[in-house]
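Have a go at each task before you read on.

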Amino acid sequence: MAPFNVLTATVTDIEELLNDGTLTSEVVVTEYLKQIDRCNGYLHAVLAVAPKELLIERARFLDHERAAGRVLGPLHGIPLLIKDNIATHPDLGMDTTAGTLALVGARVPESAPCVAQKVASSWGYYPCQGKLECKSALCRPVCLLMTNARKELSNFRGLHMPTGWSAVGGLTQSPYVIGGKRWDDGFGGHSAVGGSSSGSCAGVAAGFAPAALGTDTNGSILMPATRHDVYAMKPTLGLISQDGICPISFDFDSAGPIARSARDIAILMDVLVDRTQTTNISDRTYMSHLTGTFDGIRIGVLEPKEWHMPAVAVTPNTEVDEQQDADVAAAYERLKSLGAIVKPVKVASLDELVVDGMSQIQRVMDSRFRHAIESYLSKLEGSKVQTLDELMQFMRDNAKQEMPPESPNMTRLEMAAAFNITEDEYQDALADMRDFGRRRAVDKCLQDYDVDIILGPGDSRINELYATAGLPMAVVPLSYASFNGRPLGLCAVSTANQEGLLIEFMSAWQSHFNTERQLPTWIGGDPNGVAKNEL
């Protein structure tokens with residue numbers, strides 16, 4: 001019996017056990033690898049694992065470093081999951097594919113800065129870009145364990161793609177949902193895992209690692225985090241480097257942390273944010289915001305009944321909708337009793353984003369996608385494709401493997417490839433979108449109602465508020481749907497560079513809500529819903 005439970009242990013729990021000598025990094029890595037071997041055959045949350053012999057060798061080395069008193073941060077010797085659109089140096093033994101077979105075997109030039117910072121330490125410098133042979137004392141605190149699955153090209157391949165599917169990794173399943181993905185409840189329905197960071201979230205929920213790094217363009221962390229009982233954050237656009245991330249849009253994309261506790265989110269944010277490259281943020285560490293209290297926090301709450309998911313994505317389910325509405329309303333009432341200032345608020349209609357029959361979100365994304373993806377592809381060594389047209393042709397030539405039978409299309413790529421507007425038209429669309437998200441929606445709501453945070457159901461279109469504005473959001477767990485066991489969550493949004501405030505909110509939430517958290521009760525099974533491997 002391992003001295004810790006992979007299904008419940010946080011980074012903080014493991015750090016304490018490592019520090020007091022109860023646990024070694026070698027045991028930690030071994031136990032997580034065992035859990036992956038037990039459950040990933042059904043979950044498909046992990047695409048690739050670094051060579052096991054190298055992981056064990058590295059873990060032993062890190063144990064020796066700890067014994068010698070050389071511990072460079074709270075992540076020393078703790079394995080992490082990295083989403084597979086974030087570059088990891090080839091010497092780590094894993095491809096970076098963004099889920100498409102077209103990029104299998106392509107070599108990235110170096111690890112993405114956000115990965116390098118995680119591999120380095122909470123505060124260290126990373127000179128070797130992920131190379132295992134590097135012996136620098138500044139490069140040894142973390143075991144980078146594996147790369148995990150997500151929706152192919154971060155959900156920019158086709159329309160109505162089943163969430164969590166990629167050609168390389170197959171369909172990611174939820175460890176909570178009995179019976180697995182149902183095809184009659186919509187591509188993003190209540191049995192689905194959510195957006196493109198589903199592998200990261202499902203992996204943390206299933207005990208594959210205590211924390212992960214995902215990316216969010218427009219809901220890609222929010223939706224799967226909401227559905228997997230985890231804490232998560234998308235920081236202010238640009239706070240974390242976008243370099244080394246296979247892009248959808250530089251106007252939206254951001255990496256962000258996923259974990260089981262608010263403290264772990266703070267730890268990861270202190271690692272991920274390079275303060276030497278950032279302005280307009282406080283000198284305080286994110287850890288210093290772990291107050292555990294709602295006192296003085298002013299929260300504007302959205303009416304949950306007005307924020308149900310559109311039927312095109314989620315087949316309406318009255319039972320789930322009514323439970324979510326009731327659970328969210330009850331949480332609002334409890335917040336008042338815990339010292340928070342709670343006010344009902346409304347924000348500008350999302351209909352304002354539609355101009356000449358097209359969303360400004362799509363207009364901005366499509367107009368610069370070709371440039372973004374081709375810039376990324378040009379830096380790869382040995383790639384089968386170098387241009388968007390070549391990528392699309394590869395998918396046509398390999399359609400049986402590249403396209404899920406439930407949604408065999410690449411319409412989003414085709415739309416972006418054919419879309420062409422002038423630089424002035426792009427700048428106008430971007431300015432209007434940002435103006436909506438900030439001046440007319442989020443910041444206006446915060447100012448008009450004199451609140452610090454906007455809070456609403458995670459299963460909603462709240463992503464279009466923070467994504468259009470480039471503002472930070474945080475996910476907190478709420479409850480579990482009686483319908484099928486899947487978690488429900490809330491999303492908190494604030495103004496630019498208020499990640500510390502959101503962590504304060506998250507820490508208070510963890511102190512008072514969802515304290516009796518359920519373990520994922522079912523992993524594995526068949527179409528009849530008969531469990532084969534229960535945790």
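**Exercise 1.** Work out at what angle helix H7 and helix H15 pack, and how far apart their axes are.

*Solution.* Start with the elements: helices (H or I, at least four residues) and strands (E, at least two) are DSSP runs, numbered from the N terminus. H7 covers residues 262-272 and H15 covers residues 499-512.

Now list the contact, meaning heavy atoms within 4.5 Å. H7 brings Ala262, Arg263, Ile265, Ala266 and Met269, while H15 brings Glu499, Ile503, Met506, Ser507 and Gln510. Sorted by class, that's 6 nonpolar, 2 polar and 2 charged (Ala, Val, Leu, Ile, Met, Phe, Trp, Tyr, Cys and Pro count as nonpolar, Asp, Glu, Lys and Arg as charged, and the others, Gly among them, as polar).

A note on the ground rules: residues are numbered from 1 along each chain as its sequence is written, and side-chain values use heavy atoms, leaving out hydrogens and water. As the model is predicted, local features need pLDDT of at least 70 and side-chain atom pairs count only at pLDDT 80 or more, while totals for chains, interfaces and linings use all residues.

**Exercise 2.** Find which residues of helix H1 are buried, and what they pack against.

*Solution.* Buried means under 20% relative accessible area, exposed over 50%, partly exposed in between (1.4 Å probe, protein chains only). In H1 (residues 11-19), Val11, Thr12, Ile14, Glu15, Leu17 and Leu18 pass that test. Then look at their partners: helix H2 (25-43), helix H3 (52-67), strand S6 (211-216) and H7. After H1 comes Gly21, with a positive phi near 85°.

**Exercise 3.** Classify the ring pair of Trp509 and Phe513.

*Solution.* Rings of Phe, Tyr and Trp (its six-membered ring) pair if their centres lie within 6.5 Å; planes under 30 degrees apart are stacked, over 60 edge-to-face and the rest tilted. The structure has 6 such pairs. For Trp509 and Phe513, the centres are 3.8 Å apart and the planes at 10°, so the pair is stacked. Check burial too: Trp509 is buried at 0% relative accessibility, and Phe513 is buried at 7%. Finally, ring pairs join Phe294, Phe505, Trp509 and Phe513 into a cluster.

How values were computed:
Axes fitted to C-alpha atoms, helices over the stretch in contact; angles between N-to-C directions.
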